[in-house]
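Q: Please take a close look at the aromatic rings in this predicted model. Which rings pair up, and where do they sit in the chain?

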Amino acid sequence: MFKIGSHVGMKAPKMLAGSAIEAHSYDANSMMIFTGAPQNTRRKDISELNIDEGSRLIKEYGITDIIGHAPYIVNLGNTIKPESFKFGVDFMQGEIKRCDALGIQALSFHPGAHVGAGPEAALNQIAKGLNEVIASDQKVLIAIETMAGKGTEVGVNFEQLATILDKVTFNDKVAITFDTCHTSDAGYNIKDDFDGVLNEFDHIIGIEKIATVHLNDSKNPQGSHKDRHENIGFGEIGFDTLNYIAHHPQLESVPKIMETPYVKQDENDKKGVAPYKAEIEMLRNNKFDSDMKTKLIKK
């Protein structure tokens, strides 16, 4: 099965049911949600997430995969501020409970940044934090994301990710989120040699550890370390490569999730139009539509 979807919202009052409805409107069979706003850690009680109705709709719509995403501000790699580490551990313990209640299979997780202490210190600290967070009986996988190398981010190469995974006690509970934009921006030749990159990943970590692919084009060239997503086919990676990744036989069972930007009419357009239905259609048909953005704005 071709598993494809995007980030969708989860807002009151519909919560999980609203997420399912939005995903279905894009003709998606996979979806990704934040359990609350991505920029903060304020979260509703599990009883307020409308799980029963959401689960019913997920089954009715044939949505097979639900991915979560931890908020961006969690930084288990910070050894400079002990309070940041404790805060991250406490939050992630609660996030795991929410994910299991929502039926989320994998939680995409930005590993963090060393904030001046150096990558080795951060990698050790992240593994330490995950060992405090992860329980043997949890269902959700913590899917550490490949990062672009912006600022002092770690997880910029496969070796760093492998270092974290190797230090986690319950290794079967950790996985990888492979972000195409981040990995290209980190310096890997996604555009011209994806099979070579995937082979390198397999030798260092193992393809079986990829829990989800974030399928994003990039506004910047390979090795830029910028982390700025672009719509499918309109960036530096290009449609042909992203379509190839989306249908790659070794990733057939892996859900592909798009986090591409809303299409805006101009700089004064604050909201824009969601591109996901059009992007999913292009990928299902294996055909790039260079007029996709114009068509979305005119609708």
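**Aromatic rings up close**

A: Start with a group. Phe158, Phe178, Tyr188, Phe194 and Phe201 form one aromatic cluster. Keep in mind that the model is predicted.

Now the pairs. The structure holds 10 aromatic pairs. One of them joins Tyr26 and Tyr276, with ring centres 5.4 Å apart. Their planes stand at 65°, and planes over 60 degrees apart count as edge-to-face, so this pair is edge-to-face. The two partners come from distant parts of the chain, 250 residues apart. Tyr26 is in the loop between α1 and β2, while Tyr276 is in helix α9, residues 276-285. Both Tyr26 and Tyr276 are buried.

Next, go back to two members of the cluster, Phe178 and Phe201. Their ring centres are 5.9 Å apart and their planes lie at 70°, so Phe178 and Phe201 also make an edge-to-face pair. This pair, too, links distant parts of the chain. Phe178 belongs to strand β6, residues 174-179. Phe201 belongs to helix α7, residues 194-204. The separation is 23 residues.

How buried are these two? Buried means under 20% relative accessible area. Phe178 has 1%, so Phe178 is buried. Phe201 has 0%, so Phe201 is buried as well.

Lys293 lies over the face of Phe234. The distance to the ring centre is 4.8 Å.

How values were computed: Residues are numbered from 1 along each chain as its sequence is written. This is a predicted model: local features need pLDDT of at least 70, side-chain atom pairs count only at pLDDT 80 or more; totals for chains, interfaces and linings use all residues. Side-chain values use heavy atoms; hydrogens and water are left out. Rings of Phe, Tyr and Trp (its six-membered ring) pair if their centres lie within 6.5 Å; planes under 30 degrees apart count as stacked, over 60 as edge-to-face and the rest as tilted. Helices (H or I, at least four residues) and strands (E, at least two) are DSSP runs, numbered from the N terminus. Buried means under 20% relative accessible area, exposed over 50%, partly exposed in between (1.4 Å probe, protein chains only). A charge sits over a ring if NZ of Lys or CZ of Arg is within 6 Å of the ring centre and within 35 degrees of the ring normal.
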